Amino acid sequence: MRTNLRAFAIGILLATGVMGVAYSIVSAGATTLNEESVQAYAAENNLHLLSKEEYDELLPEVVPVEETKAEQNEEKVKKEESNSNEEAKEEETEEAEEKEEKNEPFEIVIPDGMATYEITALLAREGIIEDDKKFDAYLEDKNIATKVRSGTFTMKKGMSYEEAADVLIK
């Protein structure tokens with residue numbers, strides 16, 4: 001046992017020494033950047049170098065946050081004054097149409113080899129489920145996480161976890 005342990009320790013020391021020598025050889029050949037090498041690189045690749053002052057001149061002027069907030073508040077007041085009952089009715093009809101569109105079924109493709117947590121994240125991004133972590137936990141609790149299949153599924157936004165799971169495992 002002792003001889004095996006000693007042989008292993010000697011092997012580790014030898015490997016460390018070889019790696020140290022290799023690192024020192026490789027790092028000795030590395031070059032450092034200087035102004036001349038940077039300018040040569042820029043000239044070869046048709047690039048233009050800017051000084052700090054030139055760069056600062058090209059940046060857009062920054063408006064203080066307080067001024068932008070005041071402007072935003074003024075714009076909100078103007079918008080509220082300009083709204084009429086007709087616009088409110090149009091907004092209500094648009095919202096109703098959006099709600100109807102959200103409930104329309106659509107197809108979602110789950111490619112082969114996708115992990116369960118990736119599938120739940122995809123479903124959350126598409127708005128089919130509310131929380132991918134909770135849905136993943138739901139699948140684990142019901143012991144159906146391994147039964148989720150790949151393929152093309154017809155789903156709709158705002159499905160319950162049970163409905164979504166039923167679609168994914170059939």
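**Reading a helix pair in a predicted model**

Me: How is the crossing of α6 and α7 described, left-handed or right-handed?

Reply: In this predicted model, the crossing of α6 and α7 is right-handed.

Me: Which residues make that contact?

Reply: From α6 come Thr116, Tyr117, Thr120, Ala121, Leu123 and Ala124, and from α7 come Asp132, Phe135, Asp136 and Leu139. By class, the residues of the contact between α6 and α7 are six nonpolar, two polar and two charged.

Me: At what angle do helix α6 and helix α7 pack, and how far apart are their axes?

Reply: Helix α6 spans residues 116-125 and helix α7 spans residues 132-141. The two pack at about 135 degrees, and their axes lie 8 Å apart.

Me: Why are α6 and α7 called oblique to each other?

Reply: An angle over 145 degrees would count as roughly antiparallel, and 65 to 115 as roughly perpendicular. The angle here is about 135 degrees, and α6 and α7 are therefore oblique to each other.

Me: Where do these helices stand in the pattern of the chain?

Reply: The chain has eight helices and two strands. Along the sequence they follow the order α-α-α-α-α-β-α-α-β-α.

Me: What can be said of burial and of contacts across the chain?

Reply: The chain has 170 residues, and 14% of them count as buried. Of the contacts between residues at least 6 apart in sequence, 54% join residues at least 24 apart.

Me: How much accessible surface does the chain have?

Reply: The accessible surface is about 14,400 Å², and carbon and sulfur atoms account for 53% of that area.

How values were computed
Residues numbered from 1 in each chain as written. Predicted model: local features only at pLDDT ≥ 70, side-chain atom pairs only at ≥ 80, totals over all residues. Heavy atoms only, no water. Helix = DSSP H or I, 4+ residues; strand = E, 2+ residues; numbered from the N terminus. Buried < 20%, exposed > 50% of the residue type's maximum accessible area, 1.4 Å probe, protein only. Contact = heavy atoms within 4.5 Å. Areas by Shrake-Rupley, 256 points an atom, 1.4 Å probe, with all protein chains shown as cover. Axes fitted to C-alpha atoms, helices over the stretch in contact; angles between N-to-C directions. Parallel < 35°, antiparallel > 145°, perpendicular 65-115°, else oblique. Left-handed = near helix turned anticlockwise from the far one by under 90°. Nonpolar A, V, L, I, M, F, W, Y, C, P; charged D, E, K, R; others polar.
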